[in-house]
There are 2 protein chains.
Amino acid sequence: MARAFGATTIYIHQHDENIKKTIEEVNKRFGGDFIVSSVNNWRKLIESWNGVIVHLTMYGIPLPEVKDEILSTINNRDLLIIVGAEKVPSDVYKKATFNVAIMNQPHSEVSSLAIFLYDLFPESMRNSLFNKSQLKIIPTAHGKKVIKNQ
Amino acid sequence: MARAFGATTIYIHQHDENIKKTIEEVNKRFGGDFIVSSVNNWRKLIESWNGVIVHLTMYGIPLPEVKDEILSTINNRDLLIIVGAEKVPSDVYKKATFNVAIMNQPHSEVSSLAIFLYDLFPESMRNSLFNKSQLKIIPTAHGKKVIKNQ
């Protein structure tokens, strides 16, 4: 999902060969240069991040209340979005520029990321064909249509 | 995520005790009556559905192009949203009232559901406290705050 919205890299704490392979296959067929990077020391990544850090958590400030501030803070700087799979250490809450709640209710972290990207960067949806794509999907009301790029 | 947006039921093909337990625990702590229902015959569910069926698939029509039509078709009727975990049989494409693409690019099915609900029913986000909730999250800029409901 992050790839489809134009993100450049996913950093994963602990190496996951399956994710890496899946993404490489998607890149090959549908194009783009989305990178899967394994991170051994995520604290170092956060501390050395030269840009804005958004941590998505149900304990944070509701997105509509901080959206404008986030957009003006980003202002072309690099954006790191943190989604924790399990219990997130408290220093992440402190180091994040923004702790943002999609909803103050339990919900999946992947969904939070999707909604955050969709809400902040809707224009990314329009630009849905990547460079070096082998395949292109033709939207269809009741079926599947895929063409090969020449 | 579907629960947080006010859905009433998730139908799962093939029984999944883990999902059931997780949801029951969330209901207990954060309230609401979200139901996990195991379905042996999903075709029967689709065929007997008295309402609107939306199938989320990257092969479908982009959401912005059909959103208004979907909303006017729903018009208080029951809505069944289908997200296929693996290869979806062709009759689902035929039986669905709408085949909708969040993006015509590969992306996770859970994310599609989240974005679809977020886009069509944004008001659900505001009403984020359920009945019978034991806990309530107080949005916080840099930390966690949860209170017990009396």
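Okay, let's start with one pair: His55(B) stands opposite Ile82(B), which is in strand S4(B). Before I go on, this is a predicted model, where local features need pLDDT of at least 70, side-chain atom pairs count only at pLDDT 80 or more, and totals for chains, interfaces and linings use all residues. Residues are numbered from 1 along each chain as its sequence is written, with chains lettered from A and ligands numbered from 1 in the order in which they are written.

Strands here are DSSP runs of E with at least two residues, helices are runs of H or I with at least four, and both are numbered from the N terminus. Two strands pair if DSSP finds at least two bridges between them. S3(B) and S4(B) do that in the parallel sense, over six bridges. Another partner in S4(B) is Ile81(B), bridged to Val54(B). To get from S3(B) to S4(B), the chain passes through H3(B), and that β-α-β crossover is right-handed; that's to say, with the strands pointing away from the viewer, the path from the first strand over the helix to the second runs clockwise.

Now the sheet itself. In chain B the order is S4-S3-S5, an open sheet of three strands with parallel pairing. S4 and S5 of chain B are at the edges with a single partner strand each, so one side of each has no neighbour in the sheet. From one strand to the next, the twist averages 35°. For angles, axes are lines fitted to C-alpha atoms, for helices over the stretch in contact, and the values run from 0 to 180 degrees between N-to-C directions.

What lies on this sheet? H3(B) lies across S3, S4 and S5 of chain B, at about 175° to S3(B). H5(B) also packs on the sheet, touching S3, S4 and S5 of chain B, and its direction makes about 150° with that of S4(B). Contact means two C-beta atoms, placed from the backbone, within 7 Å.

Let me stay with H5(B). Which residues of H5(B) are buried? They are Ser111(B), Ser112(B), Leu113(B), Ala114(B), Ile115(B), Phe116(B), Leu117(B) and Tyr118(B). Buried means 20 or more other C-beta atoms within 10 Å of a residue's own, exposed means 12 or fewer, and partly exposed is in between, again with C-beta atoms placed from the backbone. The cover over those residues includes H5 of chain A, plus S3, H3, S4 and S5 of chain B.

That brings in the other chain. At the interface, 34 residues of chain B are in contact with 34 residues of chain A. On the chain B side, the elements giving two or more residues are H1, S3, H4, S5 and H5. Those residues divide into 20 nonpolar, 11 polar and three charged. Here Ala, Val, Leu, Ile, Met, Phe, Trp, Tyr, Cys and Pro count as nonpolar, Asp, Glu, Lys and Arg as charged, and the others, Gly among them, as polar.

As for chain A, we have five helices and seven strands, and 25% of its 150 residues are buried.
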